[in-house]
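Please read this report alongside the sequence and the coordinates.

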2 protein chains.
Amino acid sequence: MAAEMHKKIRVILADDHPVVRDGLAAMVNQQPDMEVVAEAGDGDAAVALYEQHQPDVMVLDLRMPKRDGLAVVQRVMEINPKARLLIMTTYDGDEDIFQCLSHGAKGYILKDAPRPEILSAIRAVSEDRPYTSSTVAAKALQRLAKPSLTERELDVLELVAQGRSNKDIARRLSITEGTAKTHVKSILTKLDAISRTEAVAVAHKRGLIRL
Amino acid sequence: MAAEMHKKIRVILADDHPVVRDGLAAMVNQQPDMEVVAEAGDGDAAVALYEQHQPDVMVLDLRMPKRDGLAVVQRVMEINPKARLLIMTTYDGDEDIFQCLSHGAKGYILKDAPRPEILSAIRAVSEDRPYTSSTVAAKALQRLAKPSLTERELDVLELVAQGRSNKDIARRLSITEGTAKTHVKSILTKLDAISRTEAVAVAHKRGLIRL
DNA sequence: CGCGGCCTCTCCCGGATGGGAGAGGCCGCG
DNA sequence: CGCGGCCTCTCCCATCCGGGAGAGGCCGCG
């Protein structure tokens, strides 16, 4: 039947570690129903190769040079709103998961997943079915209940995480120290933290800040 | 000639990501002069398999379940002081590098290294020659110049990083708040930080604390 | 238009934090 | 034994931080 065309699932891999790309490529190419058509080592290349090859699935690492995984998701979904993207990364902070999925990624799995799970995730996403392991999905739902930070608060949070004082933060953002304190207090409330240092710890765990 | 025995380099891979192990295994087994004899997904397995197979080289990730890479290095060097260990990880904090090398690891490379470099590192280490890329070596040397924290200071630092107050830290370590403050001040001085939050940022960057 | 969210700024105040200085007890090393 | 490092504890003090409350301006959305 026409429905049973034996056309292989065309996959692009985007990860900055050659070793990981090799591992995935070997796994994928070993399957009779899929093949790797391109590999990218950074975000810009991922976007360019997506446009060029229009694959059935693109497997994306979140942390990449030049343009991170989330930015790639956004850009690719602009180009093709029907794109099927599978996030595969080591990071399991609520924020990362939530952001990627809400921007249109179809699946999200962790790098320590066993081989069969990775392959079934690729197949699911290639058929436009969402794939998310239960633990990952649970985190995304948790995130829904938590208050989100505003743009400005994220600016401040980043500086707080670098260890800057309120005065220093104010200078760098060209606002008064009082305003910086207001933002910090708001951050503490939203993250349910008692001190700025605890706020940094919480933000880190949730994936609100990197490094 | 006897010197040209075609015995393959026997390699053990230890990494908690199946994908990475696959990638490395594929690379290694493709080489005519080396072969993977075992794979471990956690630290305990790595030690057990090392004892069992006595490989020429063991490639180790630092972050692993049950027993981290550094602990594996220590244990294996106890068992066999001539063991040839190659650390292959994503972390490039001074402290990690310094600790591993000073405990006897023969090489240290990053996961984003190109394939040829990884293979030549394995060959080098298998011949008992140290392998360290220049940037990594530079970090280890930097570390030499920096004051190191005492055990107690590391205990305190960990709690500081969790956002605990001096009073809280004191309670948990069963010391007075004054003593906790003394330790914190000493940490600030050694890490050249102005505030506890900056100290956490610096400590994180150096690999003194995890998460 | 009016409501609400966001960013900005202000004032007050108690408690936490960081800087400086000193000191006693313990332990290992030469 | 004596020195030095580490852990412990103490005192003082200026500054920073966090909690509470309020308010004006801007902008988007209904």
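A residue is called buried when its relative accessible area is under 20%, exposed when that area is over 50%, and partly exposed in between. The model shown here is a predicted one, and the values in the sections below were computed from it.

Most residues other than glycine have a negative phi.

Gln54(B) also carries a positive phi, in this case near 45 degrees, and is likewise a residue other than glycine. Its place is the loop between α2 and β3 (57–60) of chain B, where Gln54(B), with a relative accessible area of 39%, is partly exposed.

## Overall build of chain A

Chain A is made up of ten helices and six strands, and its C-alpha trace spans about 70 × 30 × 30 Å along the principal axes. Of the 211 residues in chain A, buried residues make up 50%. When contacts with a separation of 6 or more are considered in chain A, 60% of them are accounted for by residues 24 or more positions apart.

## Helix pairs

In chain B, the axes of helix α2 (residues 43–53) and helix α3 (residues 69–79) come within 10 Å and cross at roughly 20 degrees; α2(B) and α3(B) are therefore roughly parallel to each other, and their crossing is right-handed. The α2(B) side of this contact consists of Gly43(B), Ala46(B), Val47(B), Tyr50(B) and Glu51(B), which meet Val72(B), Arg75(B), Val76(B) and Ile79(B) in α3(B). Sorted by class, the residues in the contact of α2(B) with α3(B) are six nonpolar, one polar and two charged.

In chain A, the axes of helix α1 (residues 18–30) and helix α5 (residues 115–126) come within 11 Å and cross at roughly 70 degrees, which makes α1(A) roughly perpendicular to α5(A). The crossing of α1(A) and α5(A) is right-handed. Here Leu24(A), Met27(A) and Val28(A) of α1(A) meet Arg115(A), Ile118(A), Leu119(A) and Ile122(A) of α5(A), and the contact divides into six nonpolar residues, no polar residue and one charged residue. An α-helix has 3.6 residues a turn, so residues three or four places apart point the same way.

## Buried faces of α7 and α10 in chain A

Which residues of helix α10 (residues 196–206) of chain A are buried? They are Thr197(A), Ala199(A), Val200(A), Val202(A), Ala203(A), His204(A) and Arg206(A). The cover over these buried residues of α10(A) comes from both chains, and includes α4 (94–102), α7 (151–161) and α9 (177–191) of chain A as well as α7 (151–161) and α10 (196–206) of chain B. Just after α10(A), Gly207(A) takes a positive phi of about 85 degrees.

For α7(A), the buried residues are Glu153(A), Val156(A), Leu157(A), Leu159(A), Val160(A) and Ala161(A). What covers them includes α8 (166–173), α9 and α10 of chain A, together with α10 of chain B. Just after α7(A) comes Gly163(A), with a positive phi of about 90 degrees.

Leaving aside residues up to four places away in sequence, Gly93(A) touches Lys205(A), Arg206(A) and Gly207(A). Gly93(A) and His204(A), although 111 residues apart in sequence, are 8.1 Å apart in space from C-alpha to C-alpha.

## Cysteines

How many disulfides does the structure hold over all chains? The count is zero. Cys100(A) is buried, with a relative accessible area of 1%, and Cys100(B), at 1% relative accessibility, also counts as buried.

Notes:
Residues are numbered from 1 along each chain as its sequence is written. Chains are lettered from A and ligands numbered from 1 in the order in which they are written. This is a predicted model: local features need pLDDT of at least 70, side-chain atom pairs count only at pLDDT 80 or more; totals for chains, interfaces and linings use all residues. Side-chain values use heavy atoms; hydrogens and water are left out. Axes are lines fitted to C-alpha atoms, for helices over the stretch in contact, and angles run from 0 to 180 degrees between N-to-C directions. Helices (H or I, at least four residues) and strands (E, at least two) are DSSP runs, numbered from the N terminus. Angles under 35 degrees count as roughly parallel, over 145 as roughly antiparallel, 65 to 115 as roughly perpendicular and the rest as oblique. A crossing is left-handed if the near helix is turned anticlockwise from the far one by less than a right angle, and right-handed if clockwise. Contact means heavy atoms within 4.5 Å. Ala, Val, Leu, Ile, Met, Phe, Trp, Tyr, Cys and Pro count as nonpolar, Asp, Glu, Lys and Arg as charged, and the others, Gly among them, as polar. Buried means under 20% relative accessible area, exposed over 50%, partly exposed in between (1.4 Å probe, protein chains only). A disulfide is a pair of cysteine sulfur atoms within 2.5 Å.
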